[in-house]
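Thanks for coming. I have one structure to go through today, and I will take it region by region. Please have the sequence and the model open.

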Amino acid sequence: MLLVIDVGNTNTVLGVFAPVVHRPGEDVTTEATRYERLVANWRVGSHLTRTVDEYGVIFRNLFSMDNLEVSGVHGIVISSVVPPLDSVLRQVCERYFNIKPLFVEPGVKTGMQVLYDNPAEVGADRIVNAVAAFEKYGGPCVIVDFGTATTFDCISTKGEYKGGVICPGIGISADALFQRTARLPRVEIRKPARVIGTNTVGSLQSGLYYGYLGLVDGILERLVDEMGPETRVVATGGLGSLIGTASHFIKDVDEFLTLDGLRIIWDRNQSFRRESGLKEATLKAATTKTKTAEPVKPLDPDAKPWPSPKSHKSR
């Protein structure tokens with residue numbers, strides 16, 4: 001099994017993929033193990049104060065709840081936008097799974113060219129989403145990820161990461177409103193029955209929901225104008241279904257887009273490593289064969305032995 005982990009500022013999402021089932025007699029010696037079926041997924045809080053053992057216990061308990069064996073995990077890939085947790089999760093993987101994880105970072109093979117001024121500035125989750133969206137939906141496309149921040153990522157027809165937009169998430173907007181006002185209560189973020197609220201709670205929910213929906217559609221309208229009318233818009237993230245289903249531009253809501261992207265990147269890196277290993281082995285074999293293939297000249301019985309060099313004593 002393949003364990004994929006997406007570490008966000010608010011939540012950490014985990015998924016487990018089962019390997020591809022090959023048909024009897026199918027030759028699998030020329031390709032690395034591929035994963036395609038999501039068999040379990042969980043969402044836990046991203047807490048900087050948790051220790052390695054606390055995360056380890058949580059992860060193992062999640063596996064136990066779904067009757068999955070930790071020993072069945074043969075690979076782990078992680079995307080993280082919370083650097084302080086990277087070392088903690090690395091230790092969790094090595095201590096509780098006996099596996100060295102693959103982190104999505106500069107140098108990892110993604111198969112996508114990044115056109116950002118400084119590619120290292122792009123969050124790993126944004127690249128992961130872009131890889132998955134282009135693989136599943138083609139280009140041009142825009143991915144709207146409703147997380148702690150809401151991000152809009154633009155992919156060209158050729159599969160290039162062009163850039164995007166970052167704005168505060170709806171949760172951050174709601175928290176700011178509640179913290180800066182004395183008499184407004186904290187309310188659940190959901191779609192109200194009507195736009196016109198007849199009480200404080202209804203008015204807040206209408207303002208948060210439709211106000212944020214207007215922000216999303218306003219940005220998407222300008223992005224589609226810039227990228228072309230054939231641009232496909234995909235939503236993901238915790239509130240993807242809440243906002244995405246009411247948008248005029250979002251046509252697909254893909255809850256597991258990030259998990260799929262991590263799986264795709266894992267597969268690409270394993271195939272790349274396998275191909276590199278095969279090329280190296282082939283080159284080594286060819287070099288060895290070249291060295292040993294030179295004919296050995298028979299000794300000439302009449303030839304005099306090569307004189308040994310005389311020793312010179314220093315004076």
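Predicted model: local features only at pLDDT ≥ 70, side-chain atom pairs only at ≥ 80, totals over all residues.

First, strand β4, which covers residues 75-80. Six of its six residues are buried, so β4 is largely enclosed by the rest of the structure. Both faces of the strand are covered in this way: G75, V77 and S79 point to one side, I76, I78 and S80 point to the other, and all are buried.

What does β4 pair with? Strand β1, residues 2-7, runs parallel to β4 and is joined to it by six bridges. In that pairing, V4 sits opposite V77 of β4. Strand β5, which is residues 102-103, also pairs with β4 in the parallel sense, over two bridges. There, I78 faces F103 of β5.

Is P101 buried or exposed? Its relative accessibility is 9%, and the cut-off for buried is under 20%, so P101 counts as buried. Setting aside neighbours within four places in sequence, P101 contacts I76, I78, R90, C93 and E94. One of these, R90, is 11 residues away along the chain, and the C-alpha atoms of R90 and P101 are 6.5 Å apart.

The loop between α2 and β5 also holds N98. N98 is exposed, at 68% relative accessibility. Its phi is near 55°, which is positive in a residue other than glycine. N67 has a positive phi as well, near 55°, and is likewise not a glycine. N67 belongs to the loop between α1, residues 52-65, and β4. With a relative accessible area of 71%, N67 is exposed.

One more item on the backbone. The peptide bond from G139 to P140 is cis, with omega near 0°. P140 is found in the loop between α3 and β6.

Next, T236. This residue is in strand β9, residues 232-237. How accessible is T236? Its relative accessible area is 1%, so T236 is buried. A polar atom of the T236 side chain lies 2.7 Å from the backbone oxygen of D254. Leaving out residues up to four places away in sequence, T236 touches N129, I143, V144, D145, F146, D254, E255 and L257.

Last, the largest pocket. Its volume is about 800 Å³. Of the 35 residues that line the pocket, the closest to its centre are D145, F146, G147, T148 and A149. D145 and F146 have already come up, among the contacts of T236.

Which elements supply the lining of this pocket? At least two residues each come from β2 (11-19), β3 (35-45), α3 (124-137), β6 (141-146), β7 (149-155), α4 (170-180), β9 and α7 (257-292). The element that gives the most to the lining is α4, with four residues.

That is where I will stop.

Key
Residues numbered from 1 in each chain as written. Heavy atoms only, no water. Buried < 20%, exposed > 50% of the residue type's maximum accessible area, 1.4 Å probe, protein only. Pairing = 2+ DSSP bridges. Polar contact = N/O pair within 3.5 Å; in protein donor to acceptor, adjacent residues only side chain to side chain. Contact = heavy atoms within 4.5 Å. 1 Å grid on protein atoms, 1.4 Å probe; cavity = no way out; pocket = protein on both sides within 12 Å on 5 of 7 lines; lining within 4 Å. Points joined across faces, edges and corners; volume = space filled by probe spheres on them.
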